[in-house]
Amino acid sequence: MLNLERLRILDALARHGSVSGAADGLHVTTSAVSQQMAKLEREVGQQLLTKHGRGVRLTDAGRLLADHAARIISQVELAQSDIEARRGEVVGEVRLSAFPTAARGLFPVALASLRKAHPDLRVRSMELEPDGALRQVLRGDLDLAVVLDWNNKRLPVPGGLATASLLEDAADVAMPADHPLAGRREVELEEFADDSWVSWPTGEFCHEWLVFTLRSKGIEPRIEHMAGEQHTQLELVGGGLGVCVAPRMGRGRLPDGVVAVPVRQKMFRHVYAVWRADADRRPSIRAAVEALDEAARVVKAVETADVRD
């Protein structure tokens with residue numbers, strides 16, 4: 001009889017493409033991966049891995065069994081979801097991630113609500129950018145992720161994932177207080193054609209969005225500084241080093257010497273939760289989505305009050 005845990009390791013090898021990648025994804029050592037694969041090869045009586053340069057690759061038999069392994073694991077997850085749904089109790093463990101401003105803006109309220117409402121549920125969370133989060137949800141390393149796309153640039157969401165919209169998060173342009181446009185009620189992006197920009201790091205979805213958006217306005221962006229943390233970006237703006245896009249969720253108080261002005265043609269992020277569709281009936285997933293939705297309503301209420309003030 002095939003061992004399920006060894007099939008999970010084979011599935012991880014197929015998805016990650018390396019022993020080290022599979023070990024990292026499963027939170028085990030590389031030697032444990034190698035030992036379990038050797039046992040699986042003895043069980044099936046066929047070679048499943050072959051050396052390829054400094055790494056390994058699956059043989060034809062390995063790929064065949066890996067395809068079956070992915071389906072078996074999916075069916076096991078469906079069975080677990082059905083059992084949990086039948087029991088109806090929010091217990092066990094749920095692993096969540098969010099991009100940094102969502103982790104700051106949503107997680108404190110959402111996770112506190114989960115702990116209070118479901119004390120037998122263990123919640124683990126981490127910050128993760130959308131692209132990496134989607135990969136980990138697909139692999140089963142995460143149960144649910146909070147991700148984003150922009151009103152003019154969508155994040156490709158692979159098949160097999162379920163989604164739930166949480167909120168639309170408006171974004172302004174942050175600039176030094178002595179900037180010529182700092183006193184305006186609204187601005188146009190075209191008015192910043194000669195400004196330097198502070199951006200997210202190269203390769204991140206939001207960096208690609210910023211370059212795409214500015215170029216669509218006829219602006220070749222002059223990106224002179226990059227930082228992953230929004231607070232760092234705002235401090236750089238406060239130092240007179242450029243302007244940046246400043247989404248409102250999780251932004252908090254602006255640094256001294258920084259002004260945020262709305263854009264006439266609204267910019268906003270669509271923030272939503274994603275999870276594997278085969279886990280859709282798990283009570284812990286449904287409870288996490290409900291808690292995030294409640295936290296999103298709190299965020300929107302605060303933002304609306306701030307705008308009115």
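**Sheet, helices and spaces in the model**

In strand S9, Ala-174 has Cys-244 as its bridge partner. Helices (H or I, at least four residues) and strands (E, at least two) are DSSP runs here, numbered from the N terminus. Everything comes from a predicted model, where local features need pLDDT of at least 70 and side-chain atom pairs count only at pLDDT 80 or more, while totals for chains, interfaces and linings use all residues. Residues are numbered from 1 along each chain as its sequence is written, and side-chain values use heavy atoms, with hydrogens and water left out.

S6 and S9 sit in an open sheet of six strands, ordered S4-S3-S5-S10-S6-S9 with mixed pairing; two strands pair if DSSP finds at least two bridges between them. Strand S4 (121-127) and strand S9 (244-247) are the edges, each pairing on one side only. On average, neighbouring strands of this sheet are turned by 30° against each other, direction ignored.

Helices pack on this sheet too. Helix H7 (residues 130-139) touches strand S3 (92-98), strand S5 (144-150), S6 and strand S10 (258-276), and its direction makes about 140° with that of S5. Helix H8 (residues 205-216) lies across S5, S9 and S10, at about 10° to S5. Contact means heavy atoms within 4.5 Å; axes are lines fitted to C-alpha atoms, for helices over the stretch in contact, with angles from 0 to 180 degrees between N-to-C directions.

As for open space, the largest pocket holds about 920 Å³. Its lining counts 36 residues, with Arg-95, Gly-140, Asp-141, Leu-142 and Asp-143 nearest the centre. H4 gives the most to this lining, six residues. By class, the pocket lining splits into eleven nonpolar, nine polar and 16 charged residues. (Ala, Val, Leu, Ile, Met, Phe, Trp, Tyr, Cys and Pro count as nonpolar, Asp, Glu, Lys and Arg as charged, and the others, Gly among them, as polar.)

The largest cavity has a volume of about 100 Å³, and its lining includes Phe-99, Trp-200, Cys-206 and Arg-269. On a 1 Å grid over the protein atoms alone, a cavity is a set of points where a 1.4 Å probe fits but cannot get out, and a pocket is an open set with protein on both sides within 12 Å along at least five of seven lines; lining residues have an atom within 4 Å of a point. Points are joined across faces, edges and corners, and a volume is the space filled by probe spheres set on them.
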